[in-house]
Amino acid sequence: MAIRRPLLALVLACLLTTGLLAGPVHAESGAGRHTVGYDRYSLTIDGKRIFLWSGEFHYWRLPGPALWRDVLEKMKAAGFNAVSIYFDWGYHSPRQGVYDFTGVRDVDRLLDIADQVGLYVIARPGPYINAETDSGGFPGWLTTLKGKARSTDPAYLAAANEWLGRIDRILARHQVTDGRGPVLLYQVENELYNVKQSEEESRAYLSALEKKIRSDGITVPFTGANDARFTSGTGAADLEGYTVYPQSFNCAEPGKWKPVPDDYGQYRAGLPDTPVNFAEFQGGAFDQWGGAGHENCRTLTGPDFERVFEEANIAAGATMQNFYMTYGGTNWGWLATDFDYTSYDYGAAIDEARRLTPKYTEQKFLGYLVQSVAPLRTTDPLTTAPPDNAAVRMDARVDPNTGTRFYVVRHADSTSTADDRTHLALDLGAVGRYPSVPSAPGTDLTLAGRDSKLLVAAYRFGGQELVYSTSELMTQGTFAQPSGTGEQDIAVLYGRHGQDGETVLRYASQPKVTVLSGSVRASWDAGRHDLRLDYEHDGLARVLVHGGTRDLLLLIGDDQAAGSFWRVDTSTGPILARGPYLVRGGSVSGHSGEVALTGDTDQAGPLEIFAPQGARSVRWNGRPVRVTPTSSGSLSGELAGPRPVSLPALTNWRYRYETPEAQPGFDDSAWRAADHTTTDNPYWDGKAPVLYPDDYGFHHGDTWYRGHFTATGGQTGITLSATVTDHGAYAVWLNGHYLGSGGDGSKHFDFPASALRPGADNVVSVLAENMGHDQDRAADDSYREPRGLTGAELTGSAATLKWRIQGDQGGEKPADPVRGPYNNGGLYGERAGWYLPGRQDAGWPTVSLPHAEPTPGVGWYRTTFRLNVPKGQDVPVGLRIDDDAARHYRALVFVNGWQVGRYINDVGPQHVFQVPAGILRTDGENTIAIAAWGLDGSGGLGDVSLVREGDYAGPVSDSSRRKESPR
Ligand code: IPT
């Protein structure tokens, strides 16, 4: 047929487009080595084109290596072929020269898992990453280093090179180019544009990093996420990329859409010689303290958003897309930057509890499409006649090699919520012209509000020639025939429930059509040799077409029916499975004809599989499934669901008030003297002594100060200045008398005359909680903006205070290296180990929740509970705090010693904190320790309960039982 161009043209086109000459990577091929190249169309690996479909995942936001595999398998199952990973410098480095890559920081293991799961890795080690994390990923110790960050300043570069040297050593062991792993691309720096330094300086800095990284043995191409600003010249990466967040981050108005930018050509114009690359494309949105909550973010960036915007990216020619985030995770400990709270769920496709959301299904539709339709990797724009309804816009692309066309249809106003109907004029070149599609009389192409369709035409797959379909193509492949003796092609098509669909295929002579299920009408156009099928999308229709070089089974679903399909590619061929909550992977033994699948069920239900020829039996998670052959050529059986699991109520709380630091007799002689008279901090206001905790090696969490003075009797009060940032707080005592609390800025506190001790040592005690460091988005060292107290002046006398400061145990040498530098601050109970499992609360009085604590200060609530989740089940667990928002207290939540939550009762929005398996013992005793800090008389703690976030029968809990993660 005419769809295929003459062989010579094909060869020429391939030579022009394989990109072998354009690629920067010169690792020799052979012996496991691979060549990574690219041209303007796409990336290539050993000359083979790939559509890079990637999701962003941060291992440091999921402190349980067993769960890394779970999330990566879930991504792979949705058709992602890559994962983009920020590596967080500060997470690995508590102090200069010291790096930890063990336990939850075992990056070698992460890369091994990605490799085993079958995902390429886009490595993004910064040094600066932004990511709504403390200091944008810079370690605490960098705050005191002389030298401007993100520049060529020698002190900074030396520090950055130290990190790069360490992380590159690991990344270099896992490079595609050496045939030893999944690392395919390496991003240098992050978002280094619109910054407060010259472009020249930024370029020189990027160039210095690149030299260092290459000298570390990194041979994969460099990518940039600088919104396509540095495509050539000094410091340019091999492949620049766009970072696009079309809906930005206002989750409070989740129904309010900003439109798709109409100019698709801009993306090619900005990257004329390299693939159109969305290094970050919005996959959700972060939320803030007091914000609308991540469910609203998930609505703002829901399946409708994904479909409309991701298809628009394809219409713009993108062959590299990375969705930030695909799994957001948790800002456990003090990982969040100052405005962000503990959950980094991000409203992503996979939620923080690792559950698949409707966004995931939408990602799967498009992920399967881009993996299975090769012509999408080499397309040029194609001019078309507009649709017959001006409210509808159509953009088209064509693959010059095969003539395959892609039509992306959306509302001209992409924010429109109207249902519009239209017909399209399709010029399919040699395949013919179709002036009004759909052609069946009385049918329309319907575009529901905020919807988009990506239609494939003039496409050959297997033994078939698809002329066009107004259904979207999910996937296609070759599988066993019903008779079991031969092969058939299968294509899965889908559309919105109740909408018309029309699929046209071309045959040499009229084929035999058997409608196995559903209502589908067939008609034959003898002039064109076209078989036209028309139907309404409703459940799952099955149509067998006999007459081509191979039989074709069309599976035509509405979104829900099609969404229940899973595709697994094995060395024997693809498997299509329908029914279960998740299919993670599979294999086919050609020998025994056994199909072995792994996956999860959330309830008992059907399993249907289409497998390569010769498949006779099925195993699910190792257990045999009784299957019977169907008329579709599939095997059908039943799977069991999970056993019900209930979680215990939390009782037997024990309580102890601490805050001894507020008392005058407390011995602070071992605390560090806060006596620096100067600092390298560029934001220093000149006041001495310098009180910034960072300058004394305390970078994260709460800080205590004790300021001593000998009272003359004239002292009437104190004025404190602080930078604790929004929703941060501090509390002040004089000789154990509570003076009150404050926030950002200056505040005066009167001394009650009775509290002052003339002629004696007086002590002002301050507990300060800052919300974390700023990032350094503008490259102006704002991550170094001081935190904590910034000044203190007594009133009524010229006496000065002598200060001592206390923070997390060990400071830059964390006393708890397993949980690491972000787990703890300087609360008395943290330093005394009250956050850890163990018997230290044996003598504490018991209390019941909710509990009131009228004395301002910090008290600890502890209890234990046992879990006995059945083996082979995954039950994500959250810990919930409920209380009257009128009470003013904040709390740190520890489970088995890991700080899994920062709660502010009167701010929110977070009330449920995820406790990842691995930290949570699903088969034994767990310890909860909550440090609650009341700022006025309304402290204490509300109700605390466990929340079962789901119940799945599947392999994940088995792997966590292998004690993969440290406790
Ligand atoms: C982009 C950053 O690169 C990324 O680290 C993260 O902070 C993200 O924003 C927001 O979650 S920058 C983009 C907003 C231009």
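Reader: Which loop does Pro-909 lie in?

Author: Pro-909 sits in the loop between β54 (898-904) and β55 (912-915). Keep in mind as we go along that this is a predicted model.

Reader: What kind of peptide bond runs from Gly-908 to Pro-909?

Author: Let's start with the general idea: most peptide bonds are trans, and most residues other than glycine have a negative phi. The bond from Gly-908 to Pro-909, however, is cis, and its omega is near 5°.

Reader: What joins Tyr-324 and Met-325?

Author: Those two residues are linked by a cis peptide bond as well, with omega at about -5°. As for its location, Met-325 belongs to strand β11 (residues 318-327).

Reader: You also mentioned phi. What is the phi of Asp-227, positive or negative?

Author: Remember the general rule that most residues other than glycine have a negative phi. Asp-227 is not a glycine, yet its phi is positive, at about 50°. You will find Asp-227 in the loop between β8 (222-223) and β9 (242-244).

Reader: And what is phi near in Arg-354?

Author: Phi of Arg-354 is near 70°, again a positive value in a residue other than glycine. Arg-354 is part of the loop between β11 and α10.

Reader: Which hand does the crossing of α9 and α10 have, left or right?

Author: Where α9 passes α10, the crossing is right-handed.

Reader: At what angle do the axes of α2 and α4 cross?

Author: For helix α2 (residues 65-77) and helix α4 (residues 107-117), the angle is roughly 30°, and the axes come within 10 Å.

Reader: How do the axes of α4 and α5 cross?

Author: Between α4 and helix α5 (residues 154-172), the axes come within 10 Å and cross at roughly 30°. That is why α4 and α5 are described as roughly parallel to each other. This crossing, too, is right-handed.

Reader: Now the ligand, please! Which residues around it come nearest?

Author: There are 17 residues around the ligand, and the nearest are Tyr-86, Asn-130, Ala-131, Glu-132 and Tyr-346. Sorted by class, the shell holds 10 nonpolar, 3 polar and 4 charged residues.

Reader: Which atom of Asn-130 lies 2.7 Å from an oxygen atom of the ligand?

Author: It is a polar atom of the Asn-130 side chain. From Ile-129, by contrast, a polar backbone atom takes part, 3.1 Å from a ligand oxygen. Glu-280 contributes an N or O atom of its side chain, 2.9 Å from an oxygen atom of the ligand.

Reader: How much of the ligand's accessible area does the protein cover?

Author: On its own, the ligand has 380 Å² of accessible area, and the protein covers 93% of that.

Terms used:
Residues numbered from 1 in each chain as written. Predicted model: local features only at pLDDT ≥ 70, side-chain atom pairs only at ≥ 80, totals over all residues. Heavy atoms only, no water. Near = heavy atom within 4 Å. Polar contact = N/O pair within 3.5 Å; in protein donor to acceptor, adjacent residues only side chain to side chain. Areas by Shrake-Rupley, 256 points an atom, 1.4 Å probe, with all protein chains shown as cover. Nonpolar A, V, L, I, M, F, W, Y, C, P; charged D, E, K, R; others polar. Left-handed = near helix turned anticlockwise from the far one by under 90°. Helix = DSSP H or I, 4+ residues; strand = E, 2+ residues; numbered from the N terminus. Axes fitted to C-alpha atoms, helices over the stretch in contact; angles between N-to-C directions. Parallel < 35°, antiparallel > 145°, perpendicular 65-115°, else oblique.
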